[in-house]
Amino acid sequence: MQTLTLIQPDDWHIHLRDGQALATTVPHAATSFNRVICMPNLVPPIKTTAQAIAYRERILTALANADISDTRKSAFDPRMVLYLTDHTTADDIATAKSSGIVQAVKLYPAGATTNSADGVTDILGRGAVFESMQKHGIPLLVHGEVTHNDVDIFDREKRFLDEILSVIIKNFPNLNIVMEHITTSDAADFCLAQDEHIAATITPQHLLFNRNHLLVGGVKPHFYCLPILKRESHQKRLLEVATSGNPKFFLGTDSAPHATHTKENACGCAGCYSAVHALPLYAAAFDGVGALDKLENFASVFGAKFYGLPVNTSTITLIKQEQTIPQSYSYLDGKTLTPLLAGQTLAWSIQ
C-alpha cells in the first residue's frame with residue numbers, strides 16, 4: 001500500500017463561521033491542519049482587532065469541547081483576519097499588528113461573494129490603509145473579482161487583475177498580497193509575473209473540477225463556489241503551477257460550510273465544504289498528474305514561509321486506500337452539511 005508522510009499542513013484560507021457552526025467546522029479543520037487563516041465574513045463581520053480576539057476565543061472554546069486528540073487540540077492555531085471596509089483606518093492596522101493574532105486583512109469587493117455586503121466599494125480609495133499595511137507588514141488577502149453587473153461572471157477575475165490589482169501593486173510595491181482561490185490561467189500567469197511578495201492560494205475544487213462538472217447534465221449546487229469554476233484549460237493551468245514547485249502557490253481550501261437546504265434550492269449559496277477530506281482531495285489532484293513529490297511544499301512549507309512563520313514539525317500520513325465521503329454531517333439545529341463529493345469514492349485517505 002502506498003503511503004505519503006507530509007509535514008503537517010496549514011490552511012491559508014478557511015471559513016469556520018460562528019456560533020453553533022463551530023462545533024462542526026473546528027474539529028473538522030483541526031484534524032488535518034495546524035494553522036488556519038479564518039475568514040472574517042461573518043454576520044456581523046470581523047472589522048476590529050477586539051472583534052478578532054473575541055472570535056478567536058469562541059473558536060478555541062469550540063476546540064476545547066471537540067472530540068479530537070489532545071495533540072491536535074494543542075497544535076491548532078486559528079489566525080485572524082480583519083474585514084476591510086470603506087471605514088477601516090490606518091490606526092486599525094497598527095492595532096491589528098500589535099495584537100499578535102491578526103495575520104492579515106481581507107479585501108472583499110462589495111457584493112462579490114457570501115456576506116460581502118460590507119465590503120469595499122472604492123478599492124483604490126483605500127490608499128492610507130494599504131500604506132499602513134505595507135508599513136506594518138500585514139498582508140492583503142484579495143477576493144479577486146470585479147462586481148459590475150455588465151461583466152460576465154467568467155471574466156470577473158481577469159478584469160480585477162487588469163483594473164484593480166495591477167494598480168494596487170504599482171502604487172504599493174512592498175505590500176504583501178495573496179491572490180486567494182485563483183481560478184484562471186490569467187491569474188496564475190499574473191502571479192508568476194510579479195515579485196516574490198505576491199502569492200496565490202488554490203483550492204482543491206479548482207484543481208479537480210471545471211465548469212462542466214458544475215453545469216453538464218444539470219446544475220450541481222455542491223460544485224457552486226465563487227469565484228466560479230472555469231474552463232478545463234484554466235483548470236489544467238492551475239494544476240501546472242500548483243505542482244510546479246514554485247513557492248508563490250500554496251494551499252488554501254476555501255472550505256465554506258452551508259447547510260444542505262441552503263445549497264440545494266433555487267438560489268443556492270456559493271461554497272464547497274472540504275475541510276475534512278481536503279488533503280486526500282489535493283493528493284488525488286497531484287497524483288493525477290504524477291506530482292505527489294510536490295505536495296508537501298505546496299501544503300506545508302510555502303505558505304508558512306510566505307507569512308514568515310516557522311514550518312510545522314509534526315507530520316501527517318496519507319495512504320492510497322479508497323474512502324467513501326460521507327453523505328452529510330450534522331450541522332446546526334438538526335440540519336445537515338453536505339461535503340464536496342458526498343457519497344463518492346476518493347483514492348486517498350488520512351491514516
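## Exercise 1: Two helices side by side

Helices α7 and α10 are roughly parallel to each other. The model you are looking at is predicted.

**Task.** Work out how this description of α7 and α10 follows from the angle between their axes, and find which residues make the contact.

**Solution.** 
- Step 1: Locate the two helices. Helix α7 covers residues 185–193 and helix α10 covers residues 232–242.
- Step 2: Look at the axes, which come within 8 Å and cross at roughly 30°.
- Step 3: Apply the cut-off. Angles under 35 degrees count as roughly parallel, and that is therefore the word for α7 and α10.
- Step 4: Collect the contact residues. From α7 come Ser185, Asp186, Ala188, Asp189 and Leu192, while α10 brings His234, Arg237, Leu238 and Val241.
- Step 5: Sort them by type. The contact holds four nonpolar, two polar and three charged residues.

## Exercise 2: Salt bridges

**Task.** The structure holds 12 salt bridges.

**Solution.** 
- Step 1: Start with the helices you already know.
- Step 2: Asp189 has a relative accessible area of 37%, so Asp189 is partly exposed. Arg237, at 23%, also counts as partly exposed.
- Step 3: Asp77 sits in strand β4 (residues 77–83) and Arg56 in helix α2 (residues 49–64), so parts 21 residues apart in sequence are tied together. Both Asp77 and Arg56 are buried.
- Step 4: Arg35 belongs to strand β3 (residues 35–38), and Asp10 to the loop between β1 and β2, 25 residues apart. Arg35 and Asp10 are both buried.

## Exercise 3: Inside the cores

**Task.** Which residues have the most contacts inside the largest nonpolar core, and what does Ile168 touch?

**Solution.** 
- Step 1: In soluble globular proteins, nonpolar side chains tend to be buried together.
- Step 2: Find the largest nonpolar core, which has 101 residues; Leu140, Ile168, Met179 and Leu295 have the most contacts inside it.
- Step 3: Ask where the largest share comes from. Helix α12 (residues 278–288) supplies it, with seven residues.
- Step 4: Zoom in on Ile168. Neighbours within four places in sequence aside, Ile168 is in contact with Leu107, Ile123, Leu124, Phe130, Leu140, Leu175 and Ile177.
- Step 5: Look for a second, separate core. This one has 17 residues, including Leu141, Val178, Phe250 and Phe306.

## Exercise 4: Covered or exposed?

**Task.** Is Lys170 buried or exposed, and how many residues of helix α1 are buried?

**Solution.** 
- Step 1: Read its relative accessible area, 69%. Exposed means over 50%, so Lys170 is exposed.
- Step 2: Turn to helix α1 (residues 22–30), where eight of the nine residues are buried. Among them are Leu22, Val26 and His28.
- Step 3: See what covers these buried residues of α1: the elements include β2, α2, α3, β12 and β13.

Note on methods
Residues numbered from 1 in each chain as written. Predicted model: local features only at pLDDT ≥ 70, side-chain atom pairs only at ≥ 80, totals over all residues. Heavy atoms only, no water. Core = buried A, V, L, I, M, F, W, Y, C linked by side-chain atoms within 4.5 Å. Buried < 20%, exposed > 50% of the residue type's maximum accessible area, 1.4 Å probe, protein only. Helix = DSSP H or I, 4+ residues; strand = E, 2+ residues; numbered from the N terminus. Contact = heavy atoms within 4.5 Å. Axes fitted to C-alpha atoms, helices over the stretch in contact; angles between N-to-C directions. Parallel < 35°, antiparallel > 145°, perpendicular 65-115°, else oblique. Nonpolar A, V, L, I, M, F, W, Y, C, P; charged D, E, K, R; others polar. Salt bridge = Lys/Arg side-chain N within 4 Å of Asp/Glu carboxyl O.
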